[in-house]
Amino acid sequence: MKKRLFLLTQIIVLGSFAQTGPGGVGNASDNIVWLDAARLGLADNTAVSSWTDFSGNNNHATQATGSQQPLYKTAQINGVPAIDFDGTNDYLQFTNHITTGSVSAYTVHQSQSLDINGILNIEKHMLYSGGNFISNAYDSPREYYSSFFNLDDPTVFQFHTGGTISSDTYNSVRSNSTGNSARNAVRTELLNKPLSTVGVLIGSLGTPVRFQNGEISEVILFNRVLGLAEKRIVNAYIGGKYSISSLTPFYAYASIFGSEIFGIGQEADGANTTAQGTGIVEISNASSLDDGDYLIVGHDNAALTTTTSVGSAFSKNRYNRIWRVDVTNTPGTVDIKFALAGNNFAADPVNSYRLLIDNVSGTFDNAGISQSLTGTYNAVDETITFTGVSLTDGDFFTLGEEYTSITSISSGDWNSITTWSCACVPTELDDSVFIISPHNVSINGSDADIANLTIETGGTLSFSTDNTLAVKGDFIVEGSISMPTGKFAFDGVDAQEIQNTSGSTVTFNDLEFNNTNNVSLKAGDFEVNNFVTVTAGQLINDGAVFTFVSDASNHSQITNSNLNGFSGRFIMQRFFTSRNAGYADLTTPTVSTTIGDWDQEIFMSGVGGADGDVQTGAGGPVEHTVWKWNNSAQSWVAVTDTNTTISAGEPIELFLGDNLTTFSAQTMDSKGTPFTGPRSFNLSAGFNFIGNPYRAFLNYTTVTKPSGITNQFYIYEQNAGGYSLFSGGFIASEQGFWINSPGTSTITFNEANKLSLNFNQILRQKNDPKFELKITNLENNYGNKVSFVATSNAEDNAPFLPSPEKTSPALTIQLAEQALIQQALMTTQNRVIAPVNFYAGIDGSYTIAANAIDQLLGNYTCIVLEDKIEGKLIDLTTNNTYTFSALKGEYERFNVHFLKSSSDCEQLLRTKGTTSVSPHSIQLLQRGNQIELAYDLEEGTQARVDILSLNGQKVLPSIELSISGNGQDLLLNNTELKGIYLFVLRTNNKVITEKFRFN
């Protein structure tokens with residue numbers, strides 16, 4: 001019973017002092033010497049005059065003679081600094097003679113000589129190496145206690161013996177790259193040396209002999225024999241520090257977390273119940289420490305600075321330094337104390353510190369943090385203690401700072417300290433931040449950033465300038481957002497969530513998502529008016545309604561974004577302005593949608609949708625208004641089912657019309673996952689119908705094209721009823737278009753081909769000016785245009801693409817067997833005649849207008865349009881319009897003459913320009929303000945003349961008359977009309993239209 005009582009008393013005494021010795025074992029009362037080269041921090045090759053004793057007992061090892069001073073060396077013993085002794089005369093002497101008999105001693109060294117090398121000499125003990133052994137030796141009689149030893153092999157040697165001279169136990173352990181070698185014996189004698197030294201022995205004459213030839217990194221002396229648990233903890237400290245794995249069986253994480261290892265533990269001969277070591281963390285008060293229980297801790301040697309790489313749900317920042325725990329058996333809960341003097345980073349240390357425990361990977365993200373504990377702060381000694389902490393083997397822990405709540409206290413600028421309760425400007429380090437009722441906080445002139453942000457009911461966040469609010473955490477809207485300008489950037493490290501619980505739609509201007517762990521829309525209605533960019537990760541719709549807006553003033557777009565940058569279902573609007581009824585070429589910007597999505601807003605026939613079908617006559621065939629083009633077969637295929645899918649960039653020709661003549665403004669939806677990434681199309685020989693797969697303008701000029709495919713593309717203009725040719729430039733979001741391919745190939749569009757323009761118009765570009773002839777039907781304003789360019793490059797020729805609107809007129813340039821809408825002129829020829837064919841979609845009056853004629857006047861003196869049917873020549877350099885009449889049909893009617901010589905121009909106009917009455921023997925003539933009808937008819941006929949404005953409105957009553965024979969009658973003596981008017985003469989078999997100007 002007495003022995004057991006003594007043991008318990010010893011345990012209590014040892015646990016009652018701060019254990020700041022090696023591994024958290026001992027303190028200045030029993031750790032009498034601690035020489036540690038790593039803590040000197042000297043420059044490489046510095047002569048050492050004093051090796052500081054870090055035990056607190058001032059037992060420094062010194063050398064005043066410069067020639068006998070060893071050198072400080074960096075990165076020596078397993079990368080740790082050491083003191084290098086030259087083997088000749090270098091040594092250090094303790095300022096105080098070390099006289100202890102009972103001892104636990106540790107040295108870390110390596111020798112470069114087989115001679116006897118003195119390592120440590122104190123009054124009653126000495127340690128040296130010689131040959132292949134490391135030994136303790138004692139006198140009267142001489143006793144040697146030796147272990148096998150290797151040269152140049154980092155070695156830890158420890159010996160433990162009591163202070164009884166007549167007889168005591170002796171225990172030693174040599175640890176190096178080969179493992180551990182232990183020696184146990186009964187020691188009968190001690191030494192009696194007059195000096196205590198490091199790096200040399202003291203001989204029989206009391207003078208230094210046997211100098212160390214090698215390095216010593218650490219010397220540790222206790223004035224008592226340590227218990228088994230204490231030895232194991234000190235071994236873990238030394239083994240982790242010097243990478244001696246045989247010493248760390250009770251600490252498995254030394255390879256990364258090997259710095260300042262310390263711990264608690266218990267065996268039958270005693271316990272270490274409180275431990276701190278040289279670090280800032282103390283472990284104590286284990287709730288159930290018993291024999292065989294250990295809790296040992298080390299860290300990764302990171303700086304005691306802070307990082308924001310931490311789970312935003314738990315902390316705003318944390319120490320960069322991370323500690324890791326090895327738990328053996330069941331020591332129970334412990335108290336953990338941090339000494340914060342000089343490392344006090346919390347704004348409110350009393351309330352803000354949190355002990356963060358990660359039981360997953362040590363990254364301290366939201367998924368890894370298993371505990372976030374509050375502690376008790378002591379302002380006197382600047383410590384914070386966390387009590388009753390439960391740790392499991394392998395846990396990581398560090399100290400973090402909890403987010404503190406900041407609320408708005410008035411309306412105002414985000415970047416004004418008078419707006420917030422903290423008298424500060426919130427940043428990404430502050431969480432949570434609340435905008436409360438009735439405050440309106442404005443982003444006005446400067447960017448801002450925040451972690452988690454909540455706009456409470458009645459609160460408003462507004463953007464007055466084009467600045468960015470970067471959100472690193474979660475975003476909750478219970479109030480409102482006013483955002484005619486500006487940008488939200490969601491660029492956190494951990495996964496972020498966005499919620500709208502306000503009951504109203506939140507409207508964004510610009511959005512950017514740059515989070516590799518994704519941003520999720522969790523609830524509520526959202527819409528965006530301008531640009532969305534997904535730089536990294538995904539924008540995931542997981543329960544919200546998100547609409548990409550398209551209206552008369554905006555068409556939101558997705559700029560250059562990450563591959564598969566979206567997940568979930570989004571609504572992609574497409575606004576159409578009022579226009580003539582007719583076909584439009586469209587596609588979807590989603591990965592996939594169905595015709596049924598479009599059928600909900602746009603009338604469709606032939607697809608079996610809710611709108612019903614249009615039939616030709618009662619019981620007649622169904623009219624199809626939705627078509628796909630088969631590029632390989634070069635033919636149209638009717639879409640007959642609303643379940644038909646459309647993939648991104650797959651074009652559809654769709655009839656838009658409230659009736660057969662007009663279409664009111666309308667918005668159509670595509671519902672699905674927005675498409676991002678590359679999109680390839682297989683092309684066949686001939687015209688290929690493809691689409692812009694992106695919710696953005698496509699810069700076709702930048703697209704890498706297969707051999708033989710130029711920058712030319714065709715866009716159908718619904719109001720004009722025909723295709724326009726473009727040579728490069730950009731193509732609107734969701735626009736179907738046509739390209740001509742000489743053979744089979746593949747074309748690929750990429751995100752880099754996008755152009756950031758917020759327009760909803762199909763056509764929003766200005767072509768390079770070129771000479772063109774534009775045909776217009778004066779009845780319905782449909783038409784097309786042909787162009788001529790001064791170049792010898794045949795690639796500038798462009799084939800004619802017929803309009804799907806059969807009532808639309810067309811001009812085509814005939815070159816060999818090919819019909820063109822653009823011809824490259826050989827400007828080296830003095831005269832070029834270009835045959836131009838004409839198609840009239842209906843009976844009526846037509847006008848040909850010449851545009852940008854100046855583009856060719858540098859090459860030609862005159863350009864003359866010849867009407868072969870009317871026998872008329874129009875010098876387009878002086879009169880750029882020509883109006884005529886035609887019945888429905890196809891005609892080889894016109895030539896266009898390009899002449900370099902002035903004399904050739906005069907001759908052409910003189911020889912063919914003298915006819916006063918057309919071959920049809922009826923003509924309208926103007927003489928000042930009078931309009932006359934000249935005729936020469938073989939038989940009589942009825943005629944009617946209508947006078948119209950240029951937009952087709954009748955301005956005077958119709959003139960009905962009968963004419964026969966030959967004559968010239970006055971139709972109008974004008975006193976009212978001013979400007980340009982159209983006179984349309986209709987007879988039984990023809991229509992003549994002329995344009996006259998009145999001043």
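## The six-stranded open sheet

In this predicted model, six strands form an open sheet. Their order is S37-S40-S43-S46-S49-S52, and the pairing is parallel. Strand S37 (448–450) and strand S52 (557–558) stand at the edges. Each has a single partner strand, so one side of each is left without a neighbour in the sheet.

How many bridges join strand S49 to S52? Two bridges do. Strand S49 covers residues 531–536 and runs parallel to S52. Val-532 has Ile-558 in S52 as its bridge partner.

## The whole chain

The protein chain has five helices and 92 strands. Its C-alpha trace spans about 160 × 65 × 55 Å along the principal axes. The radius of gyration is 47 Å, whereas a compact globule of 999 residues would have one near 30 Å.

Of the 999 residues, 54% count as buried. Among contacts with a separation of 6 or more, 64% are between residues 24 or more positions apart.

## Surface and charge

The chain exposes about 39,600 Å². Carbon and sulfur atoms supply 48% of that area. There are 56 positive and 97 negative side chains. The centres of the two sets lie 4 Å apart.

## Backbone features in loops

The peptide bond from Ser-437 to Pro-438 is cis, with omega near 0°. Pro-438 lies in the loop between strand S35 (433–435) and strand S36 (440–443).

Glu-734 is in the loop between strand S71 (730–731) and strand S72 (736–741). Ala-816 is in the loop between strand S78 (810–815) and strand S79 (818–824). Are these residues buried or exposed? Glu-734 is buried, with a relative accessible area of 2%. Ala-816 counts as exposed, because its relative accessibility is 68% and the cut-off for exposed is over 50%.

Ile-963 lies in strand S89 (residues 959–963). Why does Ile-963 count as buried? Its relative accessibility is 3%, and buried means under 20%.

Leaving out residues up to four places away in sequence, Ile-963 touches Ile-922, Leu-933, Tyr-935, Leu-937, Gly-940, Thr-941, Ala-943 and Asp-969. Gln-942 is 21 residues from Ile-963 along the chain, and the C-alpha atoms of the two are separated by 6.5 Å.

Definitions and conventions: Residues numbered from 1 in each chain as written. Predicted model: local features only at pLDDT ≥ 70, side-chain atom pairs only at ≥ 80, totals over all residues. Heavy atoms only, no water. Helix = DSSP H or I, 4+ residues; strand = E, 2+ residues; numbered from the N terminus. Buried < 20%, exposed > 50% of the residue type's maximum accessible area, 1.4 Å probe, protein only. Contact = heavy atoms within 4.5 Å. Rg over C-alpha atoms; globule rule 2.2 N^0.38 Å. Areas by Shrake-Rupley, 256 points an atom, 1.4 Å probe, with all protein chains shown as cover. Lys, Arg positive; Asp, Glu negative; His and termini not counted. Charge placed at Lys NZ, Arg CZ, Asp CG, Glu CD. Pairing = 2+ DSSP bridges.
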